[in-house]
Each structure stands twice: as C-alpha cells, then as structure tokens.
Amino acid sequence: MNIRRKPSWAIPEREATPEHVFLNRRRFLTGMAGAGALLGSGLGIRPAFAEADPSAGLYPVKRNPAFTLDRDITDETAASTYNNFYEFGSHKQIASLAQRLDIRPWTVTIDGMVDTPQQLDIDDLLSKMPLEERLYRHRCVEAWAMAVPWSGFAMPELVKLAGPTADAKYVRFETFHDPSVASGQKQSWYPWPYVEGMTMDEATNELAFVATGIYGKPLAKQFGAPIRMVMPWKYGFKSIKSIVRITFTDKRPVSFWEEIQPKEYGFWANVNPSVPHARWSQASERLLGTDERRNTMLYNGYEEQVAHLYQNVTGELLFM
Ligand SMILES: Nc1nc2c(c(=O)[nH]1)N[C@H]1C(S)=C(S)[C@@H](COP(=O)(O)O)O[C@H]1N2
Ligand SMILES: [Mo]
C-alpha cells in the first residue's frame, strides 16, 4: 500500500481542527436547520436533509439504569458537529457531508462461521431486538472524549441471532463502500472499506453495544447511521460506523487503522492512561463541548466489567 499522507491523527488535535473552521460549520448547520423548517412548513416540500427516518417512532427507548455516568452528558450539538468518519473526510466537520449517505434500504449481511448466513433489513432487525438506552463514556485515541446516551441493543443479542459455530473466534465488521457518496473513499491511500474486529469474548461481554440511536432519536448520519458498534472501554476507532457486513471467523481481522499504522493502532486498543500513544500522552482527555480536562481512566472506567477478558492474553500490546 502506498501511503502518501499521514492521517490527521499524526498531528496534535489542536492543529488538526482550527477553531474557526468549527465555528463556521456550526453557523452553517444552524442556518440549514432553519431553512429546512421553513421549506417543510405547509408547502409539502421536504428537502433531502429533513427526510424523516422510518425508525424515528421507535425512540426514545427506556434507559437501562445499570449504565450510569460520573459526568454530564455531552451537549448534543457539540457531539454532532465534531466527528471522526473518514469516509467523508479526514477532519472533524463531516456532519453535513455525511447527510449524503442513503440509509434506506439498508441491509446487514451476517456470514462466515454461522449456522445460516442471513441478509437482514435494518428495520426488520430493529423490530427483533430489545432496544434500550445506555449512558457511556467515549474516548477517542486523539484524547478527546464525550459522554452520550446511545440507543440500541446488546451485542450478545446480535451474536445469539447470528448463531456462530463453535469454531468462530472473532467477529469482523465492515462499513459500506461507495466513493460516489463518500468522497473520502476516493482517497486511495486508505484501505477501504473500514474494517474492525473483536474476539467472541469481547462481543459477548455485556458492555459491547450495537447503537442504532443517540440522544433519544435514530442515529444522525454523522454518528454512523443506521447501525454502528460501541465498545466503550476501547479507543473510539474500534467502534465502527455504518455497518453492512458482520462476519464470524477463526482468523483475527486486521482493522483499517491497524493496516495503516500497526505500531500506533493495534488490535486491542484498550484505553489506558499510562500507556502513551507513540506521539502523545493518553493521561488526560478533553471533554467535547466544554473546557474541561479529565484524567483518563483504565479501560475508560470499565475495568470491573472487562479486565478479566485480558487476563490470559500474553505477549500482546493490549493498550495501543
Ligand atoms: N466507518 C468508520 N467508523 C468509525 C470511524 C471512521 O472514520 N469510519 N472513526 C472512528 C473513530 S476514530 C471514532 S473516535 C469514532 C467517532 O464516533 P463519533 O463521531 O460518533 O463521535 O468513530 C469510529 N468509527
Ligand atoms: Mo477516534
């Protein structure tokens, strides 16, 4: 693979996102929302960006009180206007570009080491799954963080539905691939489509979550609509967006970032404040939408639930 350019993670976050770009984008988005409301009122005209999501009626869903937080929920606008979604660009202001993604119809293929391969329509899948809301911390490897109310279902439920065979050791996920919609995918130095993976033990852990909504609504497109992973004890790049394929396998998947830079973005990528990234500290994090910095927590604060998964893993870099 010919890498002509470093990912933006190669530079400190401060430089990657000049504040004026952020502010202008927010003003633009606010203007768009106003225009949408105007056009939609009484005239029977619905601009594309105001199209109703067919799953909207499912939300909000009941909050699961087992998953609470030590911090305030991040402001919705702050979280919705600062995203990593390289399919739409290697910067944070991809929210309006991501609206080009067509999320219906949307089919998720389940294949590999399963009793019966399946093609699931997203709305059928949603009707089968026990939806709930969970408050989780999210920690990007770039040292920004947020706390958000995800809606969706427990990953162990999806594993049950898939019916993996006894040989399956890993789950591999793949994002859509359509450069005509996602112009970032025209950047051929990236190994598209985005791929991620986890062990079966991780996939069946109670914290592993499949998100289909956020802030009491269907996922906005920039969050990875209509279906994404959420692995809150790992760096954010493990939480793959806009999934179209889930494959059960006995081979450890090589993820998108691992393929680009294995020395910096490993398979495990568990959060650990005392293991620095090759080029910056992971000791603390910036909370989106605030000026606050917090000390980063081991396993992002989920040590009790997940540390046991790694007790028998030896000779591996668990925290990068
Ligand atoms: N398909 C895909 N999934 C992805 C990414 C991406 O670029 N493409 N970025 C990852 C990274 S680095 C992070 S931090 C989170 C960001 O999620 P958010 O934008 O919803 O906060 O998504 C992850 N999932
Ligand atoms: Mo990230």
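**Exercise 1. Aromatic pairs**

Task: How many aromatic pairs does this predicted model hold, and how are Trp 192 and Phe 256 arranged?

Solution. 
- Step 1. The count comes to 25 aromatic pairs. The structure is a predicted model.
- Step 2. Take the rings of Trp 192 and Phe 256. Their centres are 4.9 Å apart, and their planes make an angle of 35°.
- Step 3. Planes under 30 degrees apart would be stacked, and over 60 edge-to-face; the rest are tilted. The pair of Trp 192 and Phe 256 is tilted.
- Step 4. Now place the two residues. Trp 192 lies in the loop between strand 5 (170–175) and strand 6 (195–199), while Phe 256 belongs to helix 8 (residues 256–260), so the pair ties together parts 64 residues apart in sequence.
- Step 5. Check the burial. Trp 192 and Phe 256 are both buried.

**Exercise 2. Another pair**

Task: What kind of aromatic pair do Phe 237 and Tyr 265 form, and are the residues buried or exposed?

Solution. 
- Step 1. The centres of Phe 237 and Tyr 265 are 5.6 Å apart, with 80° between the planes. This pair is edge-to-face, because the cut-off for that class is over 60 degrees.
- Step 2. Phe 237 sits in the loop between strand 9 (228–230) and strand 10 (243–249). Tyr 265 sits in the loop between helix 8 and strand 11 (284–287). The pair therefore ties together parts 28 residues apart in sequence.
- Step 3. Buried means under 20% relative accessible area. Phe 237 has 5% relative accessibility, so Phe 237 counts as buried. Tyr 265 has 0%, so Tyr 265 is buried too.
- Step 4. Widen the view. One aromatic cluster includes Trp 192, Phe 256, Phe 237 and Tyr 265. Tyr 86 is also among its members.

**Exercise 3. Around the ligand**

Task: Which residues are closest to ligand 1, and which atoms of Tyr 86, Glu 87 and Thr 175 lie by its atoms?

Solution. 
- Step 1. Ligand 1 is surrounded by 19 residues. The closest are Tyr 86, Glu 87, Arg 228, Ser 239 and Lys 241.
- Step 2. For Tyr 86, look at the backbone. An N or O atom there lies 2.7 Å from an oxygen atom of ligand 1.
- Step 3. For Glu 87, look at the side chain. A polar atom there lies 2.8 Å from a nitrogen atom of ligand 1.

**Exercise 4. Backbone exceptions**

Solution. 
- Step 1. Most residues other than glycine have a negative phi, and most peptide bonds are trans.
- Step 2. From Arg 104 to Pro 105 the bond is cis, with omega near -10°. Pro 105 is in the loop between helix 4 (95–98) and strand 1 (107–112).
- Step 3. Ala 143 is not a glycine, yet its phi is positive, about 80°. Its place is the loop between strand 3 (132–139) and strand 4 (144–154). With 8% relative accessibility, Ala 143 counts as buried.

**Exercise 5. Confidence**

Task: Which stretch has a pLDDT below 50?

Solution. 
- Step 1. Start with the whole protein. The average pLDDT is 89, and 84% of the residues score at least 70.
- Step 2. Residues 14–48 have a pLDDT below 50. Beyond near neighbours in sequence, that stretch has 26 contacts in the model.
- Step 3. Read with care. Where pLDDT is low, the predicted coordinates should not be read in detail.

Methods
Residues are numbered from 1 along each chain as its sequence is written. Chains are lettered from A and ligands numbered from 1 in the order in which they are written. Side-chain values use heavy atoms; hydrogens and water are left out. pLDDT is the predictor's confidence in each residue, from 0 to 100. Contact means heavy atoms within 4.5 Å. Rings of Phe, Tyr and Trp (its six-membered ring) pair if their centres lie within 6.5 Å; planes under 30 degrees apart count as stacked, over 60 as edge-to-face and the rest as tilted. Helices (H or I, at least four residues) and strands (E, at least two) are DSSP runs, numbered from the N terminus. Buried means under 20% relative accessible area, exposed over 50%, partly exposed in between (1.4 Å probe, protein chains only). A residue is near a molecule or strand if one of its heavy atoms lies within 4 Å of it. A polar contact is a pair of N or O atoms within 3.5 Å; within protein, one must be able to donate a hydrogen and the other to accept it, and residues adjacent in sequence count only if both atoms are side-chain atoms.
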